[in-house]
Amino acid sequence: KIALCKNDLYIVMQNYISVFEMFKIGIGPSSSHTFGPWKAAERFINELEAKNLFRKTTKITVKLYGSLALTGKGHATDVAVMLGLCGFKPESIKPENIPFIIQGIKENNILNLNGQNTINFNAKEDIEFINQFLPFHPNGISFAAFLGDGSAYGETYYSIGGGFITQEKEVKDLKPNTEVPFLIYKGEHITGYLKQHPHFKISDFAMQNEISL
C-alpha cells in the first residue's frame with residue numbers, strides 16, 4: 001500500500017508491491033528527490049521512443065515543482081534528471097564519473113539523449129525550479145520535448161517515495177491488485193496466519209506472496 005498525501009488528502013493505491021521492488025540499487029541522497037526524478041527521466045525517454053518521437057526531438061525542457069524545486073539543488077535533482085535523459089542507469093553508473101559527465105553537459109550545452117540523439121541543452125535555462133505545488137502531489141516533474149516540425153510532447157510525473165513514480169491518470173485508472181494468498185496490512189493479519197499455519201515463519205508468507213506474482 002502506498003499513501004500519497006497533500007495536506008489532509010490521502011490517495012491510496014491498493015496495489016501489492018514486491019519486496020524486490022521496495023529494495024533498489026540507486027544513487028542518493030534521496031529516493032524521492034534523486035532516484036525518482038532519474039527514473040522519471042528514463043520513462044519519458046522510453047515514451048518518446050514508443051511514440052516514434054525520439055529521433056524528432058530537438059530540445060527538451062524540465063520543470064521541477066514543489067518539494068523537488070525547494071530542495072532540488074541539495075538533493076541533486078537536476079543532476080539526476082540530466083543523467084536519466086542521457087540514458088545512464090542508476091544501478092550501474094560509477095558515482096565517480098558523475099561530476100565529469102555533468103561538467104561536460106554544462107560546459108558544452110549539449111545533451112546526448114539516451115546516448116543516441118545529441119541536442120542543445122542549457123542546464124540553467126532548460127531545467128526550471130518552480131516553487132509551486134501541483135495539486136496531486138508535492139513532488140511534481142514535467143518534461144517537454146520539442147520536435148523538428150514545431151510541435152511538442154509533454155508528460156508530468158510524480159515521485160511518490162522509495163524511487164516509485166506515477167502519473168495522476170494512472171492512479172485514477174488503477175485497478176487494485178491484491179491477488180496474493182496472504183494479504184497483510186496489519187500485524188494482526190500476521191498473527192492470524194501464524195495460527196492457521198503454525199509451521200510457517202513470517203518470511204514464508206512473504207515468499208508465498210512473491211511466488212504468486
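Begin by selecting F44, F143, Y153 and Y157: pairs of rings join these residues into a cluster. Keep in mind that you are looking at a predicted model. Across the model, the count of aromatic pairs comes to nine.

**Next stop: F182 and its partners**

Select F182 together with Y193. Their rings make an edge-to-face aromatic pair, with 5.1 Å from centre to centre and 80° between the planes. Where do the two residues sit? F182 is in the loop between α7 (168-172) and α8 (187-196), while Y193 belongs to helix α8, so the pair links distant parts of the chain, eleven residues apart. Both F182 and Y193 are buried.

F205 lies in helix α9 (residues 202-212) and F182 in the loop between α7 and α8, so their pairing ties together parts that are 23 residues apart in sequence. Are these residues buried or exposed? F182 and F205 are both buried.

**Next stop: two packed helices**

Two packed helices are described by the angle between their axes and the distance between those axes. Select helix α2 (residues 31-50) and helix α4 (residues 77-85): they pack at an angle of about 30°, and their axes are 8 Å apart. Angles under 35 degrees count as roughly parallel, which is why α2 is called roughly parallel to α4. The crossing of α2 past α4 is right-handed.

To see where they touch, show the side chains. On α2, pick H33, T34, P37, W38, A41, E42 and I45; they meet T77, A80, V81, L83, G84 and L85 on α4. Sorted by class, this contact has eight nonpolar, four polar and one charged residues.

Most residues other than glycine have a negative phi. Select A76, in the loop between α3 (67-70) and α4. A76 is not a glycine, yet its phi is positive, about 60°. With 22% relative accessibility, A76 counts as partly exposed.

Then move to N109, in the loop between α5 (98-108) and β4 (110-113). What is the phi of N109? The value is near 55°, again positive in a residue other than glycine. N109 is partly exposed, and its relative accessible area is 33%.

Terms used. Residues are numbered from 1 along each chain as its sequence is written. This is a predicted model: local features need pLDDT of at least 70, side-chain atom pairs count only at pLDDT 80 or more; totals for chains, interfaces and linings use all residues. Side-chain values use heavy atoms; hydrogens and water are left out. Axes are lines fitted to C-alpha atoms, for helices over the stretch in contact, and angles run from 0 to 180 degrees between N-to-C directions. Helices (H or I, at least four residues) and strands (E, at least two) are DSSP runs, numbered from the N terminus. Angles under 35 degrees count as roughly parallel, over 145 as roughly antiparallel, 65 to 115 as roughly perpendicular and the rest as oblique. A crossing is left-handed if the near helix is turned anticlockwise from the far one by less than a right angle, and right-handed if clockwise. Contact means heavy atoms within 4.5 Å. Ala, Val, Leu, Ile, Met, Phe, Trp, Tyr, Cys and Pro count as nonpolar, Asp, Glu, Lys and Arg as charged, and the others, Gly among them, as polar. Rings of Phe, Tyr and Trp (its six-membered ring) pair if their centres lie within 6.5 Å; planes under 30 degrees apart count as stacked, over 60 as edge-to-face and the rest as tilted. Buried means under 20% relative accessible area, exposed over 50%, partly exposed in between (1.4 Å probe, protein chains only).
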